[in-house]
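Here is a friendly briefing to read beside the model. Have the sequence and the 3D view open as you go.

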Amino acid sequence: MILRTLIFLSSLIAFLPGLVPGARAATGIDRVEPPNWWVGMKSDKLQLMVHGEDIAGFTPQLASGRPGVRLAGVQRVASKNYVFLDLRIAPSTRPGAIEIVFRRGAEVRRLPYQLQARAPGSAQRPSFGNADAIMLLMPDRFANGDPGNDNVPGFPDPANRADIDAGRHGGDIAGIVDKLDYIAAMGYTAIWPTPLTESRQDQYSYHGYAATDTYRIDPRYGSNEDYRRMVALARSKGVGVLMDVVLNHIGSNHWWMKDLPTPDWLGYGNRFVPTAHARTTASDPYAAQADRKNYVQGWFGSDMPDLNQKNPLLANYLIQHTLWWVEYAGLYGIRVDTFGYSDHAFLAAWSRRVREEFPTLNIVGEEWSMNPLVVSYWLDGKRNPNGYRSAMPSMMDYPLNDTLRRALVAEDSLHSGLSHLYERLNDDVAYPDASKLVVFEGNHDIPRLYSILGEDLDLYKMAIAYLLTTRGVPQLYYGTELLMTSPLVRADGPTRQDFPGGWRGDRVDAVSGAGLDAKQKQAQAYVRKLLNWRKTQALVHSGKLMHFAPEDGTYVYFRYDGTGQGAKRLMVAINKNRKPVSLDTARFAEILPRGASGTDVVSGETYALGRTLAMPARSVLVLEVDR
């Protein structure tokens with residue numbers, strides 16, 4: 001109750017004039033972004049975007065402040081209501097306030113600005129990796145902890161839970177806080193909420209990918225301080241928070257749209273031209289320049305203006321924006337939406353700059369392609385024929401996601417079914433390090449896993465076991481543990497349905513188990529068991545992988561740290577057949593010790609592996625091999 005009260009009060013404070021991040025209305029300056037900065041950053045450069053009526057007609061001067069801070073340059077642009085200030089902050093600068101004074105004759109506008117101390121160890125922060133398991137959640141559809149912020153004066157698109165397709169349902173930060181114990185108990189070590197920043201769009205605003213103020217948490221979710229408290233509380237429970245960052249586009253009601261800084265701030269000179277989504281143009285040696293331009297400058301829709309990162313002021317703004325949120329909120333990592341759609345030189349500079357400032361921070365990008373060559377193009381260490389180099393440590397493994405979903409429902413033959421899954425890993429040669437990829441079973445843009453698998457619980461268990469034992473960092477979509485369903489074609493509303501028990505009065509409650517049927521409880525227990533087991537499994541986190549070609553509807557692979565005496569091994573065996581099978585374990589002799597046995601981590605049952613492995617019909621076994 002105390003936490004709820006604090007969240008409610010801070011949400012109210014966020015509406016008070018002059019206290020919204022970036023706002024300085026009382027001084028004749030509407031905004032300054034970033035709204036504050038820190039001393040001790042690796043780079044001594046800071047560029048402030050200052051917005052106010054006719055601010056370009058004033059002369060700025062650093063009036064008072066800290067030793068080591070200087071105003072190195074002033075940049076004016078086409079709009080007279082903007083000015084960009086280049087500051088230099090020496091490494092020796094101590095935290096405190098500075099003041100920038102804008103003068104025009106007798107008229108004076110004052111801008112107080114805070115340079116804060118960084119959190120201890122911020123640069124070398126812990127971040128997500130192979131030992132983690134990530135839950136993706138959509139805040140508006142996850143849990144409504146504070147019904148009082150469902151509708152906010154001045155914000156269109158009122159809450160309407162009856163509208164499953166486009167309506168806001170009222171989920172918020174307080175709801176995430178309410179479910180943190182559940183998330184941690186399930187075995188997740190990180191969460192990735194879809195964007196929480198302000199989206200003051202007229203309709204369909206709940207998904208968050210059309211931001212109207214990227215420095216402000218949408219008040220229908222809470223406040224900036226609510227977000228920061230949620231991150232800290234999650235971390236205290238062993239759960240890190242990844243932020244969903246959108247570099248490519250904004251919402252059509254973004255505050256910039258009423259007063260764009262420059263004529264080239266948006267793609268195609270600030271006019272709507274739709275993107276053709278030609279992802280391969282980034283690396284295709286035969287691609288036309290017009291198609292390459294359309295990929296990076298084309299708009300997702302008239303309601304999502306595309307940002308032109310070739311503009312150096314905008315590029316720097318986006319870099320600083322990312323750095324600000326990492327430092328301000330204490331983030332555990334970043335997920336980047338629609339990664340390849342932004343200017344490619346900018347993406348290389350952005351990824352380098354973020355990793356220079358936060359060398360241990362992990363970042364994963366979205367490249368929605370089933371082609372490993374397209375996905376691998378963006379990864380750090382990839383030698384691209386055209387010379388392009390990125391600093392991105394990770395990408396979402398869409399190729400493996402697509403293959404897993406199709407392989408489990410297809411008939412097994414030489415080149416389909418489990419053989420397709422086996423062959424897909426051969427494409428790992430395209431990646432500098434495939435173990436850094438984020439592997440996933442589903443997300444908010446594709447049909448639910450359980451539906452794709454024909455609502456077959458046995459196939460579902462195979463998918464979950466595979467995801468949590470193969471190479472890479474696993475991510476599950478909220479509700480997957482409850483066998484949530486959706487249409488078999490893309491349908492955003494049903495795919496993003498409300499999490500059971502996230503709203504007061506829900507008949508079904510995932511946390512208490514009320515209303516869950518027997519299969520849902522079984523699936524939830526299965527995911528919980530494997531996730532919590534996985535936390536301590538070094539073989540799954542960093543072990544080598546060896547797999548054997550599928551035979552007759554079975555597939556076996558091992559995670560291991562060696563083949564000699566004392567080596568540790570994990571054996572995963574999948575049997576898609578509708579009858580029990582007996583595997584000849586002599587086939588695995590190069591990795592499986594003679595006379596070994598294995599204990600299934602889910603059931604606790606021990607299986608003899610000396611000559612054969614007796615597998616039940618339609619089963620998957622995750623066996624810790626006894627040395």
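In β9, alanine 97 has glutamine 114 as its bridge partner. That bridge belongs to the antiparallel pairing of strand β8 (residues 96-104) with strand β9 (residues 107-116), which runs over nine bridges; two strands pair if DSSP finds at least two bridges between them. Helices (H or I, at least four residues) and strands (E, at least two) are DSSP runs, numbered from the N terminus.

The model is predicted: local features need pLDDT of at least 70 and side-chain atom pairs count only at pLDDT 80 or more, while totals for chains, interfaces and linings use all residues. Residues are numbered from 1 along each chain as its sequence is written, and side-chain values use heavy atoms, leaving out hydrogens and water.

**The protein as a whole**
- The protein holds 17 helices and 27 strands.
- The C-alpha trace spans about 95 × 60 × 45 Å along its principal axes.
- Buried residues make up 60% of the 627, where buried means under 20% relative accessible area, exposed over 50%, and partly exposed in between (1.4 Å probe, protein chains only).
- Of the contacts between residues at least 6 apart in sequence, 72% join residues at least 24 apart; a contact means heavy atoms within 4.5 Å.
- The accessible surface is about 24,000 Å², and 52% of that belongs to carbon and sulfur atoms; areas come from the Shrake-Rupley method with a 1.4 Å probe, and for residues only the protein chains shown count as cover.

**The mixed sheet**
- Strands β8 and β9 sit in an open sheet of four strands, in the order β3-β9-β8-β5, with mixed pairing.
- At its edges stand β3 (37-38) and β5 (59-64), each with a single partner strand, so one side of each has no neighbour in the sheet.

**The parallel sheet**
- Eight strands make an open sheet with parallel pairing, in the order β17-β16-β15-β14-β11-β10-β19-β18.
- Here β17 (394-395) and β18 (438-440) are the edge strands; each has a single partner strand, so one side of each is left without a neighbour in the sheet.
- Helix α14 (residues 457-469) packs on this sheet, touching β18 and β19 (473-477), and its direction makes about 145 degrees with that of β19. Axes are lines fitted to C-alpha atoms, for helices over the stretch in contact, and angles run from 0 to 180 degrees between N-to-C directions.
- Strands β11 (residues 190-193) and β14 (residues 240-246) pair in the parallel sense over two bridges, and alanine 190 has glycine 240 in β14 as its bridge partner.

**Strand β27**
- Six of the eight residues of β27 (residues 619-626) are buried, so the strand is largely enclosed by the rest of the structure.
- β27 pairs in the antiparallel sense with β22 (residues 569-575) over six bridges and with β24 (residues 597-600) over four.

**Two loop residues**
- Aspartate 517 lies in the loop between α15 (492-495) and α16 (518-534) and is partly exposed at 41% relative accessibility.
- Phenylalanine 300, in the loop between α7 (289-297) and α8 (312-329), is partly exposed too, with a relative accessible area of 31%.
- Leaving aside residues up to four places away in sequence, phenylalanine 300 touches Asn248, His249, Thr275, His277, Thr338 and Tyr341.
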